[in-house]
Amino acid sequence: MRTRRPALPKASEEMQRRSILLIEEVRRWPETRTGRMFGMISIYRGDTIFALLPGTRGLELPNAIATKRNEPGQTEGEKWQSFAIEDDGELSAALKHLEEAYRKARK
């Protein structure tokens, strides 16, 4: 018997716009690329994923990004942290979270 994957929340048009703004900045960083995964936008440094941003869907919350911690000794659930973006004023803080995850990502 297969268990159903929980439904991913639908991202608002406003959050999709914020994701695009963040992606435009992150794509300027060396060795970054993006992809699509389950309605979200995945961000990689080389072959290592370091972030998920809402596309048409969000991960836990429709207005949150997720960054990978890439620290040893973590369980699967501890490897990712979420950061909710309530308004455009929080984009710079979100970018700092992305930059930290980018630095920790292995090439």
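The following dialogue examines how several terms apply to this predicted model.

Mentor: Local features need pLDDT of at least 70 and side-chain atom pairs count only at pLDDT 80 or more, while totals for chains, interfaces and linings use all residues. Residues are numbered from 1 along each chain as its sequence is written, and side-chain values use heavy atoms, with hydrogens and water left out.

Trainee: Why are α1 and α2 called oblique to each other?

Mentor: Helix α1 (residues 13-26) and helix α2 (residues 91-104) pack at about 50 degrees, with axes 11 Å apart. Angles under 35 degrees count as roughly parallel, over 145 as roughly antiparallel, 65 to 115 as roughly perpendicular and the rest as oblique; α1 and α2 are therefore oblique.

Trainee: What makes Ala105 buried?

Mentor: Buried means under 20% relative accessible area, exposed over 50%, and partly exposed in between (1.4 Å probe, protein chains only). Ala105 has a relative accessible area of 5%, so Ala105 is buried. Ala105 lies in the segment after α2.

Trainee: Why is the pairing of Asp47 and Arg33 called a salt bridge?

Mentor: The term requires a side-chain nitrogen of Lys or Arg within 4 Å of a carboxyl oxygen of Asp or Glu. For Asp47 and Arg33 the N to O distance is 4.0 Å, and their side chains meet in a salt bridge. Asp47 is in the loop between β2 (40-45) and β3 (48-54), and Arg33 is in strand β1 (residues 32-37), 14 residues apart.

Trainee: Are these two residues exposed or partly exposed?

Mentor: Asp47, at 70% relative accessible area, is exposed, whereas Arg33, at 39%, is partly exposed.

Technical notes. Axes fitted to C-alpha atoms, helices over the stretch in contact; angles between N-to-C directions. Helix = DSSP H or I, 4+ residues; strand = E, 2+ residues; numbered from the N terminus.
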